[in-house]
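Morning, everyone. Please have a look at the model on the screen, and then we'll go through it together.

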Amino acid sequence: PPFQNAELGKRAPRWIRDNEVTMCMKCKEPFNALTRRRHHCRACGHVVCWKCSDYKAHLEYDGNKLNKVCKDCYHVIIGCTDSEEKKRKGILEIESAEVSGNSVICSFLQYMEKSKPWQKAWCVIPKQEALVLYMYGAPQDVKALATIPLLGYTVDDTPKSADLPHSFKLTQSKSVHSFAADNEELKQKWLKVIHLAVKGETPECQNE
């Protein structure tokens, strides 16, 4: 669960593992070969880039020693608020962990668009927006790569020989999105949800 602000610095956080994110959890800069230095905020445990970890605060759980913290925790711990943070988050800014925990269905799927190569994406249909498919690079990413409003799409669930097994397509006029699940059972779970969503009906929760 996310830290309550009151507890910041009072107890050690759970560290999010480096491989659970593909971008800084604060400024959303992708980690790449040049900026691959990943730092952990010692207060909230988030993985951040060097720019966002350039703050220090005294943490109670560490005997009030100065520790590297992210900008947000720094403001909370020293007791000043950043009005910027209050700006409304855009649609892609919904954190994956937040929607995955309250979703109709979520899992990794392979995804292909036009003639690009297949890529693995963490796909989520959130309960509060059960007609929208969110795609993330990894389960802990703080920004979606893309969203697909499912209403009005046609579902084609018969893979062609060139496709991956257990695949299905969503088409609407010129846009075609191809997905493939790891197994038939998972594919059917997704199809159950998507068949309802494309008609504008709210699907039942599929997550055990």
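Does K169 count as buried or exposed? Keep in mind that this is a predicted model. K169 is a lysine, and its relative accessibility is 17%. The cut-off for buried is under 20%, so K169 counts as buried. The residue is found in strand β10. What is K169 in contact with, leaving aside its neighbours within four places in sequence? The list is T154, V155, D156, K160, D163, V176, H177 and S178.

Now the aromatics. How many aromatic pairs does a search of the whole structure find? Five. Take F108 and W122. Their rings are edge-to-face, with 4.9 Å centre to centre and 70 degrees between the planes. F108 lies in strand β5, residues 103-113, and W122 lies in strand β6, residues 119-126. So this pair ties together parts that are 14 residues apart in sequence. How accessible are the two partners? F108 is partly exposed, at a relative accessible area of 28%. W122 counts as buried, at 13% relative accessibility.

Next pair: Y111 and F179. This one is tilted, at 5.1 Å centre to centre and 45 degrees between the planes. Y111 is in strand β5, while F179 is in strand β11, residues 175-180. The pair therefore ties together parts that are 68 residues apart in sequence. Both residues are buried. There is also a cluster here: ring pairs link Y111, F168 and F179.

Back to F108 for a moment. What sits over its ring? The charged end of K120, 4.4 Å from the ring centre.

On to the cores. In soluble globular proteins, nonpolar side chains tend to be buried together. Here, the largest nonpolar core has 25 residues. Which members touch the most others? I125, L150, F179, W190 and I194.

Who supplies the core? β5, β6, β7 (132-136), β10 (167-172) and α3 (184-197) each give at least two residues. Helix α3 gives the most, with six.

Look at L150 in particular. Beyond its neighbours within four places in sequence, L150 is in contact with I125, L131, V132, L133, L170, I194, A197 and V198.

Last point. A second, separate core has 20 residues, including F31, C41, A57 and C70.

That's the tour. Over to you.

Note on methods
Residues are numbered from 1 along each chain as its sequence is written. This is a predicted model: local features need pLDDT of at least 70, side-chain atom pairs count only at pLDDT 80 or more; totals for chains, interfaces and linings use all residues. Side-chain values use heavy atoms; hydrogens and water are left out. Rings of Phe, Tyr and Trp (its six-membered ring) pair if their centres lie within 6.5 Å; planes under 30 degrees apart count as stacked, over 60 as edge-to-face and the rest as tilted. Helices (H or I, at least four residues) and strands (E, at least two) are DSSP runs, numbered from the N terminus. Buried means under 20% relative accessible area, exposed over 50%, partly exposed in between (1.4 Å probe, protein chains only). A charge sits over a ring if NZ of Lys or CZ of Arg is within 6 Å of the ring centre and within 35 degrees of the ring normal. A nonpolar core is a set of buried Ala, Val, Leu, Ile, Met, Phe, Trp, Tyr and Cys residues joined through side-chain atoms within 4.5 Å. Contact means heavy atoms within 4.5 Å.
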